[in-house]
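Work through the exercises below with the structure open. Each task is followed by a stepwise solution.

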Amino acid sequence: MLKIENIEKSFGQLKAVNGVSLEIEKDDIFGLIGPNGSGKSTLFNIISGFYRKDKGEIYFDGERIDDLLPNQIVERGLCRTFQVSRAPERMTVLENMLLAAKNQVGENPLNALLKRPMVERSRKKNLKKAKELLSELDLFHLKDEYSGNLSGGQKKLLALGRIFMLEPKMVLLDEPTAGVNPTLTNNILKGMQNLREKTENSFFIVEHDMGVISDVCRKVFVLNSGEILAEGSPEEIQQNDKVLDAYLGRN
Ligand SMILES: Nc1ncnc2c1ncn2[C@@H]1O[C@H](COP(=O)(O)OP(=O)(O)OP(=O)(O)O)[C@@H](O)[C@H]1O
Ligand SMILES: [Mg+2]
């Protein structure tokens with residue numbers, strides 16, 4: 001589904017990503033871990049088109065994507081969340097979900113005029129989908145609340161919901177549970193698993209919490225100084241000597 005070949009990215013003298021190759025299959029949850037500054041977010045920014053790679057190739061769903069713009073990558077079904085919420089704060093949760101929807105026929109004024117029945121159908125479909133997703137994510141009771149009034153964790157859930165309005169094939173999540181209490185962390189994980197089971201898409205998540213990684217990921221990649229240090233099941237990773245030395249700080 002996602003194939004990364006020999007990606008390199010430098011910032012001045014610093015090689016933030018130094019020859020990373022990896023492959024992510026369909027229909028599963030994959031993890032990316034590594035010390036602070038090891039290049040995880042940089043790699044996600046490159047995959048999603050926000051940074052240009054210096055070298056290497058990226059393929060998604062059989063198509064080369066490393067020269068595409070972020071919105072073109074989203075159109076192909078590869079979406080990401082951001083560390084900081086980008087949902088408009090003075091709109092309700094439900095409005096935010098609808099705003100994120102794909103194929104908003106009514107957006108074009110001419111369409112809105114000429115294709116009224118079609119606009120109405122797509123509006124109904126999006127409304128139904130938005131409500132279903134909010135239920136899955138345990139946000140339905142907040143649908144009429146301004147999204148600015150949500151807690152940090154609820155904003156993260158809303159970000160997930162907004163992405164799922166786009167019917168993604170793969171979602172990149174950068175630290176989805178950072179700064180979130182254990183109950184909400186569980187909600188986020190449960191929400192993620194619910195959504196995944198229904199839609200058969202894949203998740204690729206950056207996460208510092210090994211408990212979270214062990215709970216949800218089938219396979220984990222470990223980055224260290226911009227290079228893949230190890231890959232394997234969460235159990236294998238936790239027993240890997242190189243990983244224990246580099247990441248978990250064992251002497
Ligand atoms: N836009 C940028 N300009 C200059 N340097 C950058 C930029 N983005 C990242 N870096 C540097 O690249 C390195 C990798 O950063 P990155 O954010 O990818 O790390 P990370 O693995 O996500 O770390 P963390 O776990 O702390 O989020 C760091 O040394 C960082 O300072
Ligand atoms: Mg980061």
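**Exercise 1.** In this predicted model, find which residues come nearest to ligand 1.

*Solution.* Step 1: collect the residues around ligand 1; there are 14. Step 2: pick out those that come nearest, namely Asn36, Gly37, Lys40, Ser41 and Thr42. Step 3: sort the shell by class, which gives five nonpolar, seven polar and two charged residues.

**Exercise 2.** Identify which elements each supply at least two residues of the shell around ligand 1.

*Solution.* Step 2: look for the largest share, which is three residues from α1.

**Exercise 3.** Locate polar contacts to oxygen atoms of ligand 1, using a cut-off of 3.5 Å between N or O atoms.

*Solution.* Step 1: start with the backbone, where a polar atom of Gly37 is 2.8 Å from a ligand 1 oxygen. Step 2: turn to side chains. An N or O atom of Lys40 lies 2.7 Å from an oxygen of ligand 1. For Ser41, a polar side-chain atom gives 2.9 Å. Step 3: check the cover. The protein covers 62% of the 630 Å² of accessible area that ligand 1 has on its own.

**Exercise 4.** Decide whether Ser38 is buried or exposed, and describe its surroundings.

*Solution.* Step 2: apply the cut-off. Buried means under 20% relative accessible area. Ser38 has 2% relative accessibility, so Ser38 is buried. Step 3: list contacts beyond four places in sequence: Ala16, Leu223, Asn224, Ser225 and Gly226. Step 4: follow the side chain of Ser38, which reaches the backbone oxygen of Pro35 at 2.7 Å.

Definitions and conventions:
Residues are numbered from 1 along each chain as its sequence is written. Chains are lettered from A and ligands numbered from 1 in the order in which they are written. This is a predicted model: local features need pLDDT of at least 70, side-chain atom pairs count only at pLDDT 80 or more; totals for chains, interfaces and linings use all residues. Side-chain values use heavy atoms; hydrogens and water are left out. Buried means under 20% relative accessible area, exposed over 50%, partly exposed in between (1.4 Å probe, protein chains only). A polar contact is a pair of N or O atoms within 3.5 Å; within protein, one must be able to donate a hydrogen and the other to accept it, and residues adjacent in sequence count only if both atoms are side-chain atoms. Contact means heavy atoms within 4.5 Å. A residue is near a molecule or strand if one of its heavy atoms lies within 4 Å of it. Accessible areas come from the Shrake-Rupley method with a 1.4 Å probe; for residues, only the protein chains shown count as cover. Helices (H or I, at least four residues) and strands (E, at least two) are DSSP runs, numbered from the N terminus. Ala, Val, Leu, Ile, Met, Phe, Trp, Tyr, Cys and Pro count as nonpolar, Asp, Glu, Lys and Arg as charged, and the others, Gly among them, as polar.
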